[in-house]
Amino acid sequence: MKTIILSAVAAALLHITPTVVLVKRQDAVNRLLPGADQFAARELHLSSADSKRLHDAVGWEPPDGVVTFYVGKHQDQVSGALIFMRVDCQHGPLELAIGFDPRGTVRGVEVTKATVEMKPWVLEALRAGLTDAYRGLGPGQPPAGAEQVKSKIGAMPGYMAELIDKGVMHAAEAYRLFYK
């Protein structure tokens, strides 16, 4: 009983609400890997040197030391890859799906999960065109979706946009450094 009460107090202090699905993973895969009819998960277990290299580049490393690329193929030709990226903040986690074409250019970004509290803020940022800003983002280019929509949205949706930028940046750097 004591554990339940402590957990409830901790959740109230952190005010993290339940997570909701904004886009089903399968729908994100279909949109970000169009035409693919074969799929494979490619799990990379980063060495400590690789984790450090990623951290030095973008200030992030996967908490479990693993980056998973989901590769789509059509007629045995790679049509693209995607990464599901989790971004945490004091309001809870966001989950993004970031799709890449075979050249490493961002094909698109889908926000797949958010907390109940964050959902309206995320939706406001998305309605303002946030994810449009990521299409065509080349390797090494910093994401600037938040800057493009901040004048059209409130402060909290702007903060969500910054978090989404961060997730796109992390995924793009992981792709650049480790996909090939």
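Gly158 is buried, with a relative accessible area of 3%. Gly158 sits in helix 6. The model described here is a predicted one.

- Setting aside neighbours within four places in sequence, Gly158 is in contact with Lys150 and Ile153.
- Gly158 and Asp88 are 70 residues apart in sequence. From C-alpha to C-alpha, Gly158 and Asp88 are 15 Å apart in space.
- His170 also has its place in helix 6.
- Is His170 buried or exposed? His170 has a relative accessible area of 6%, so it is buried, as the cut-off for buried is under 20%.
- Beyond neighbours within four places in sequence, His170 is in contact with Val58, Trp60 and Met85.

**The nonpolar cores**

- The largest nonpolar core has 42 residues.
- Which members touch the most other members? They are Ile83, Leu94, Ile98, Met118, Met160 and Ile164.
- Another core lies apart from the largest one. This other core has nine residues, among them Leu32, Leu33, Leu82 and Ala97.
- Ile83 has contacts beyond its neighbours within four places in sequence. Val67, Thr68 and Phe69 are among them. Leu96, Ala97, Ile98 and Phe100 are also in contact with Ile83. Ala171, Ala174 and Tyr175 are on the list too.

**The largest pocket**

- About 410 Å³ of space lies in the largest pocket.
- The pocket is lined by 19 residues. Which of them are the closest to its centre? They are Trp60, Pro63, Phe84, Met85 and Arg86.
- Strand 3, strand 4 and helix 6 each supply at least two residues of the lining.
- Strand 4 gives the most to the lining, with six residues.
- By class, the lining has 10 nonpolar, two polar and seven charged residues.

- Arg86 is found in strand 4.
- Arg86 counts as exposed because its relative accessibility is 53%, and the cut-off for exposed is over 50%.
- The side chain of Arg86 makes a polar contact with the side chain of Asp88, at 2.8 Å.
- Leaving out neighbours within four places in sequence, Arg86 is in contact with Pro93 and Leu94. Leu94 is one of the core residues that touch the most other members.
- Arg86 and Gly136 are 50 residues apart along the chain. The C-alpha atoms of Arg86 and Gly136 are separated by 21 Å.

**Loops between the elements**

- Pro62 lies in the loop between helix 3 and strand 3.
- Pro62 counts as buried, at 5% relative accessibility.
- Which residues does Pro62 touch, not counting residues up to four places away in sequence? Pro62 touches Leu46, Leu54 and Val67.
- Pro62 and Ala174 are 112 residues apart along the chain. Their C-alpha atoms are separated by 9.5 Å.
- Gln75 lies in the loop between strand 3 and strand 4. Gln75 is exposed, with a relative accessible area of 62%.
- Phi of Gln75 is near 50°. That is a positive value in a residue other than glycine.
- Asp76 has its place in the loop between strand 3 and strand 4. Asp76 counts as exposed at 58% relative accessibility.
- Asp76 is not a glycine, yet it has a positive phi of about 65°.
- His91 is in the loop between strand 4 and strand 5. Is His91 buried or exposed? At 8% relative accessibility, His91 counts as buried.
- The side chain of His91 makes a polar contact with the side chain of Glu117, at 3.2 Å.

Methods. Residues numbered from 1 in each chain as written. Predicted model: local features only at pLDDT ≥ 70, side-chain atom pairs only at ≥ 80, totals over all residues. Heavy atoms only, no water. Core = buried A, V, L, I, M, F, W, Y, C linked by side-chain atoms within 4.5 Å. Buried < 20%, exposed > 50% of the residue type's maximum accessible area, 1.4 Å probe, protein only. Contact = heavy atoms within 4.5 Å. Helix = DSSP H or I, 4+ residues; strand = E, 2+ residues; numbered from the N terminus. Polar contact = N/O pair within 3.5 Å; in protein donor to acceptor, adjacent residues only side chain to side chain. 1 Å grid on protein atoms, 1.4 Å probe; cavity = no way out; pocket = protein on both sides within 12 Å on 5 of 7 lines; lining within 4 Å. Points joined across faces, edges and corners; volume = space filled by probe spheres on them. Nonpolar A, V, L, I, M, F, W, Y, C, P; charged D, E, K, R; others polar.
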